[in-house]
Each structure stands twice: as structure tokens, then as C-alpha cells.
Amino acid sequence: MLSSLKVKTAKPETRAYKLADSGGLYLLVQPNGSKLWRYKFRVNGTEGLQSLGTFPEISLADARGLHADARKLVAHGINPTQARRDKEIVQAQKQLARVNGSFATVMSDWNAATAGDLRPSTVKQRKREIDNDLLPKFKDRQIGEITRLELTALLKSVEQRAPEVARNLRNYLWGVFEYAIDSGLIENNPVPPVRVLKKRKQKNHPALSDRQIGVFLGALDDATKINEETRIAMLLVLLTVCRKAEVIEARWNEIDLEGAQWEIPAARMKAKRTHWVPLPPQAVALLTRLRALVPADREHLFPNRVDPHRPMANRSLNALMERLGFSGEGTPHGMRASFSTYFNSIGGNIDVIEHCLAHAPTNAVRAAYNRHVYQNERRAMLQQWADYLDRLREEQASSRHESFTPVD
């Protein structure tokens, strides 16, 4: 049996030697003077060796305590060296789970996985809302510890000042927790259902009547101080019945003037499906004029005046309508409703109308149809619409001419 004094006074020799204690425990004295605790054991006929630490960091009493624990494992047929490795692995996994399972980490991973298909403006908005309301509250929390009550309280608090932001945050949270489930971090999604938030008040975009469209076109033609590119953008919104963002963010490589068509990539579409737009001659003429106005090296049809590598400012067309006196009466988006109202009123094919507006079919099978479905019918309908707009413009001009009475 060893004593503390014997351990302490053991001197190094030219070769390593052992000082035995009992039950396979011994002190290995190295030529360099280091003293190492070792436990020699046998499990199921196989010999093993376990390191228990270094003297004086591990005293004789400490070594005997570790030795006793290891002997218990051996008595049950367990290799203590392997058991310690397994324990270290489990601890490392727990630590990794603590790091990877933090709300901030899962949020970052989810964000990276889903941001690729979003517009830059959407990514920017999402980051701002997450940074303002979610990370300050949950950043360092383990995602599995966050409760539905906490999430509900947060959403209701945000809803009091910004209902739309609260709805956005709920959508982000749902995606984050679903991502955590797919990653094996949690089993259930604690995000509360939509019903915890107040119902959104539906607000339709104001749409101009037929008469108002004629008046608007006349005002647009007469306005001499309006930037020509902005005027063309507004007219293309009318002629193509595309969404405002789809028009002002358009790129020249999407346009085929010779084929009189425009193909908007899925990444820029609300429904994430490529949209084919037949261009009537009126639209081709506008685009031909625009091509002469925009420098040939520009990517966008309507480059931003400050930074030509970005498209026209989002509010430019709304501001144009306001300047012409149509604030509250109509919006660029409302032109789509005017188109739909007109063709529904004259018995137009509903499917063709919906395809012109790039609305997602409600039937899953129909949604899988080729993007050029109703190609001839859509071209004919947009041509009919362009001619109708010309007629409204002419009627408005004639009306103004007839109402003008010269003074003798």
C-alpha cells in the first residue's frame, strides 16, 4: 500500500517504474519526474488501462476514490475507460445542443435556409422585425424552453403598436420552430394559432372607374413635367395588368420585343411561378421608346435615379397618381381590379382573366399547367384591353374638346 509521503518523495530514475497501491491501482514515475496514476483492470478476459490523472493535482486519496468508482464499473462488466469516453461524448453533445439549440442560432440557420428566394426588400424587412422584437427577448434562450404563453404574450404586445408586424413575427416564429423540429431539436411547435391575433381588416386597393381611367390617361398625357420613364412605367402597369413591383423591377433580359412578349421569372412573382405576358403593339411601342431613353448598359427597364443598379423607387407610381389628383381614388395596383371588372362585366373567360392577372388556380392540377396556357386567348384579351384604353383616352379628349366653347 502506498502512503502520501512515499508518493511525494518518489524520485525519478533512468527508466520509468511503478509503485503499486492495491486492486490494480499504481503510480507510474517517469524519468522526467512526472507521476501518473494508472488503474490496470480486466473486463471479460480483456486487459485494460485507465489513466486517473497526475500527482500532485490528483492526491493519493483522490486517486483511490476514482479507482473505487472504476472498480465498481469493472465489477459490472463495464470498461471504465470506454465509459469515460462515452460520458465525454454525451457532455460534448449536450454542449453542442446548447449552442445549436439557442433561439439565435436556430433563427440564423432558418434565415439562411429561407432568405434565398426572397426579394432584398423583404429580407431587409424581416431582419429589422426580428432584430427589434424577437432577438432581444429570446436570443440566448434554448429553443426547447420557450413556451406558447411567452410567444402569445409577445405577439399580443407587438400587436398593440403594429398589428401587421405581429402577424409577420408569428409567421417567422412558425417557420423557425418548424425548422427546429426538422433539425431534431424539439418535437412540438409552441407557436400559437393565428386566432390569438385580431382579424386583419381587409382593405382593397382603390380602383378607377372606366370614366376615371379616361380622365387619368388624359391627365397623364397632358402632364409635361413628369419624368418620361415614370410615365411609361405607369402606362405599362395599365397595359400589362401586372403588379407594380413586377413592372418597376423588370429587366431588359426578360423582354422579347421582336416576339412581343415578356417572361417574368418565378423569383419575382408573388406566387413564385414564371408569368408569361403577351405585349400588345401599344406596349411594344412604349418599350421601344423606353429603350432609346435608358442607357444600353442598364439592367433595369426603370433604373433608380440615385443608384442605377437598383430599380425605380417603390412609391414612384403612387406619387405620380397623387400628383395628378387621384389620391384616394385609385392606385397602380387597383388598375388590375379595373381590368378584372371590365372583362367580367362583358362575360370574358374567367380562366383567361385569372391567367392574365397571374392569379394562382385554386385547383392543384390546373396549377401545374404550362405557363403559356391560353396563350392566344390572353394575347387577344390584352390587345382588347389596350384598344379599350385607347378608346377611353379618345373619348375623354373628345369630351374635353366638345365642352370647350370659344369666346367671340
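Residues are numbered from 1 along each chain as its sequence is written. Because the model is predicted, local features need pLDDT of at least 70 and side-chain atom pairs count only at pLDDT 80 or more, while totals for chains, interfaces and linings use all residues; side-chain values use heavy atoms, with hydrogens and water left out.

In α6, L151, T152, L154, L155, V158 and E159 are buried, where buried means under 20% relative accessible area, exposed over 50% and partly exposed in between, with a 1.4 Å probe and protein chains only. The buried residues pack against α5 (120-138) and α7 (163-182), with contact meaning heavy atoms within 4.5 Å. On the other side of α6, L149, Q160 and R161 are exposed.

Now turn to the sheet. Three strands form an open sheet in the order β5-β6-β7, with antiparallel pairing; two strands pair if DSSP finds at least two bridges between them. The edge strands, each pairing on one side only, are β5 (255-256) and β7. Between β6 and β7 there are four bridges, and W262 has V277 in β7 as its bridge partner.

The loop between β6 (261-264) and β7 (275-278) holds R268. This arginine is buried, at a relative accessible area of 7%. Its side chain makes a polar contact of 2.8 Å with the side chain of E254. A polar contact is a pair of N or O atoms within 3.5 Å; within protein, one must be able to donate a hydrogen and the other to accept it, and residues adjacent in sequence count only if both atoms are side-chain atoms. Not counting residues up to four places away in sequence, R268 also touches others, including R119, A245 and W262.

On the other end of β7, L279 lies in the loop between β7 and α11 (281-293). L279 is buried as well, with a relative accessible area of 3%. Leaving aside neighbours within four places in sequence, its contacts include I255, W262, V284 and R379. The C-alpha atoms of L279 and E187 are 51 Å apart, and the two residues are 92 residues apart along the chain.

At 12% relative accessibility S102 counts as buried, and a 2.8 Å polar contact joins its side chain to that of T105.

Finally, which cysteine sulfur is nearest to that of C242? With a disulfide taken as a pair of cysteine sulfur atoms within 2.5 Å, the count comes to zero disulfides. The nearest cysteine sulfur to C242 is that of C356, 9.4 Å away, and this is too far for a bond. C242 is buried at 1% relative accessibility, and C356 is buried at 4%.

Notes: Helix = DSSP H or I, 4+ residues; strand = E, 2+ residues; numbered from the N terminus.
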